[in-house]
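The stops below go from one selection to the next.

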Amino acid sequence: RQHEAPRRVKRAWVIPPISVSENHKRIPHLLVQIKSDKQQPGGVIYSIKGPGVDEEPLGIFSIDKFSGKVFLNAMLDREENDRYRLRAFALDLGGATLEDPTDLEIIVVDQNDNRPLFRQDVFTGRVVEGAEPGTCVMTVDATDADDPDTDNAALRYSILEQGAAGMFSINATTGEICTARPGLDRETMGVYNLTVQAADMSGDGLTTTAVAVIYLEDINDNPPEFTKEEFSMEVEEQAAGVVVGKVFVHDKDLAGSPSWLAKFTILEGDPEGAFAIRTDPHTNDGVLSVVKPLDHEVRDRFELTLSVQNERPLEPSAPASPRALATVRVRVRDVNEAPVFRDNPRRISVLEGTPPGTPITTYTASDPDTHQIQTLSYALLYDPADWLRLDPHAGTVRTKRELLHPSAFLQGGWYIALVLARDDAEPPLSATGTLSIEILEVNDHAPQLQPPAGVLCGRPGRGGTLLLGATDDDRPPHGAPFHFQLSPQHPQLARNWSIARFNVTHAVLAVLAELPEGPYSLPLLLRDSGTPPREQQQLLNVSVCHCGRDGTCLDGALAAATAGAGITLGALLIILGSTILLLVLAALGAARVRGRRRALRKGLLQRSRDDMRDNILNYDEQGGGEEDQDAYDINQLRHPELFSPRAKPPLRRDAPLSSGTPTAPRKLPSSPSDIEDFINEGLEAADSDPSVPPYDTALIYDYEGSGSVASPLSSIVSSLTDEDQDYDYLSEWGPRFRRLADLYG
């Protein structure tokens with residue numbers, strides 16, 4: 001049987017929000033009991049769903065399904081989840097919904113369970129020294145995880161520690177750190193370490209700390225100061241580019257900064273600018289050096305006034321330094337100095353051809369060491385032509401030989417010599433002076449006619465001119481312009497010839513009257529423009545030819561032949577002599593070649609197995625000469641007893657050993673002149689002996705015999721090879737050895 005359900009009137013069951021404190025330790029903790037107005041005979045079944053129940057995080061909340069009591073089963077953390085929204089359900093025993101689902105909101109109440117946290121452990125800031133009070137340096141800040149709407153997250157800042165000075169303050173709400181008092185000095189304290197604190201509950205709750213490091217930036221509030229008022233130094237004279245010494249300064253500002261780096265200035269005591277000072281970038285000291293050589297004899301002491309300041313300008317508030325100036329006393333130490341040629345180079349002029357021994361100048365040096373007694377000596381260091389002689393003590397220069405011009409040792413007419421001056425100190429020093437000698441030209445050459453011959457037509461005005469020129473070995477102004485004229489000693493030449501100037505070096509010879517063809521010799525007088533002028537009379541050989549209509553010679557061959565007549569006798573003799581000399585040399589060369597070939601072919605210098613003598617050639621034979629090699633029989637020398645008409649020939653000095661030769665051989669000569677005497681004596685003995693063949697036959701001048709203690713002539717200097725032996729001395733032994741000289745020379 002189906003019964004009609006009773007009509008329901010909808011009523012909302014509303015559950016207000018439930019608050020529970022985080023970190024609640026009594027668990028389980030009853031939060032609320034929900035109850036439906038629709039009570040059933042069998043009861044109502046309650047349930048909840050949502051985060052903390054059947055959603056993550058699970059198991060935080062639970063409900064008694066029969067009583068509707070909601071329990072907290074775990075500690076809550078507001079910083080993780082500050083509220084939970086659940087859904088509550090009411091069902092009958094059959095599972096049918098009795099009430100519409102309602103919201104159950106659980107609010108987690110905050111507790112001050114989190115300390116403030118600074119964003120970093122160390123905060124860094126910078127501020128210039130001397131900053132005014134109230135100058136902000138940095139800001140420190142912290143965070144708190146508690147509810148920002150409660151005092152649990154209300155932070156307050158403070159400085160726990162900063163030293164006794166109390167130079168900085170902090171804004172309690174914002175954490176901004178600023179200067180609190182004047183007098184920040186980097187030189188006194190360059191870094192400040194502050195301990196700052198942040199506290200919640202408006203400063204009464206939990207706290208935390210951090211460190212704030214404040215660096216003071218340097219300003220130029222300290223001027224540099226010399227460590228003392230006076231400095232003493234010493235330096236050798238003539239030294240340049242050397243360090244004299246250092247001046248020391250002190251600056252309290254930051255080392256290496258522009259406020260610390262010093263700059264030095266020489267205010268007084270160095271008008272010539274001989275000193276310079278720079279800054280050592282590592283030590284900040286002043287380095288004094290010499291830039292110009294000092295002379296002890298001129299000035300032996302210097303007193304310099306130095307000032308010092310920084311590269312960066314000094315702050316107006318900085319006090320002035322009483323040690324910004326210092327005095328430096330420098331003593332110049334005397335050393336040996338080299339001599340000095342004040343006039344270097346020395347330029348002088350000397351006439352060419354100046355005779356030897358002529359003094360031309362005195363070239364001396366001076367010794368800068370006036371406080372030391374020293375003696376200078378002089379020597380020629382460079383004299384390429386060996387023209388000069390120098391007095392080593394006085395420095396007087398004289399000519400050693402005649403100075404000639406032109407010379408390979410002249411450069412543009414100048415002769416360069418170097419003179420060395422040396423002192424007698426220990427060690428000695430020297431200096432070199434340059435002596436430039438201008439060799440002045442002297443008019444010692446007359447102009448020479450060039451060319452000395454020519455050809456022209458014999459008719460006036462129709463090619464009857466000849467261009468004449470001249471040269472002069474002298475240099476200007478002793479050369480051109482040249483003056484040409486007919487010899488004044490032959491005034492009759494002016495009737496047929498005239499000379500007119502063409503330019504400074506040439507003139508024109510012209511005929512004044514028609515002249516017959518043929519050679520003419522015209523004496524001319526040539527004069528240069530030197531001081532004094534030099535003149536010389538010379539012959540001009542002119543060939544007059546037959547002229548054509550245009551003024552040229554008609555017969556070229558005749559002109560050429562007649563032009564030959566213009567050659568001087570000296571030139572002809574030179575040509576003729578040269579031709580004869582060439583012919584003689586050619587004949588001698590041919591004879592020498594033929595003689596060598598025939599000597600090799602016929603055994604010119606035959607050597608017998610038993611005979612130690614050479615074949616002697618007769619060169620003064622009036623018959624066949626060198627070509628007649630068979631004029632005499634050598635057997636007469638080897639066996640004279642077979643050819644002599646006498647039964648008992650008289651004894652001879654040149655006979656063989658068996659015929660009564662001297663018991664000892666003749667001593668060999670040691671020089672070419674002795675050899676010549678040796679031969680002449682033998683020749684004279686042979687010529688005065690009436691029992692021997694005529695004087696122009698081959699003679700035996702010496703026979704060594706067998707077993708002689710003397711060596712053969714061919715063994716002289718036998719230890720030398722043919723390449724090492726010099727046979728040129730044979731030509732000095734006279735005409736009888738000329739053939740040997742030709743063969744071996």
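Is C547 buried or exposed? Select C547 in this predicted model: its relative accessible area is 6%, so C547 is buried. Next, select C457, which also counts as buried, at 2% relative accessibility.

Now turn to the disulfides. With a cut-off of 2.5 Å between cysteine sulfur atoms, the count comes to 2 disulfides.

Select C136 and C178. These cysteines form a disulfide, and their sulfur atoms lie 2.3 Å apart. Look along the S-S bond: the link of C136 and C178 is right-handed, with 70° about that bond. Then colour the strands. C136 belongs to strand β10 (residues 136-139) and C178 to strand β14 (residues 176-179), so the pair ties together parts that are 42 residues apart in sequence. C136 is partly exposed, its relative accessible area being 38%, whereas C178 is buried at 12%.

Move on to C545 and C553. Their sulfur atoms are 1.6 Å apart, and the two cysteines form a disulfide. Which hand does the disulfide of C545 and C553 have? The torsion about its S-S bond is about -75°, so this disulfide is left-handed.

Counted along it, the bonded cysteines pair in the pattern 1-2, 3-4.

Key. Residues numbered from 1 in each chain as written. Predicted model: local features only at pLDDT ≥ 70, side-chain atom pairs only at ≥ 80, totals over all residues. Heavy atoms only, no water. Helix = DSSP H or I, 4+ residues; strand = E, 2+ residues; numbered from the N terminus. Buried < 20%, exposed > 50% of the residue type's maximum accessible area, 1.4 Å probe, protein only.
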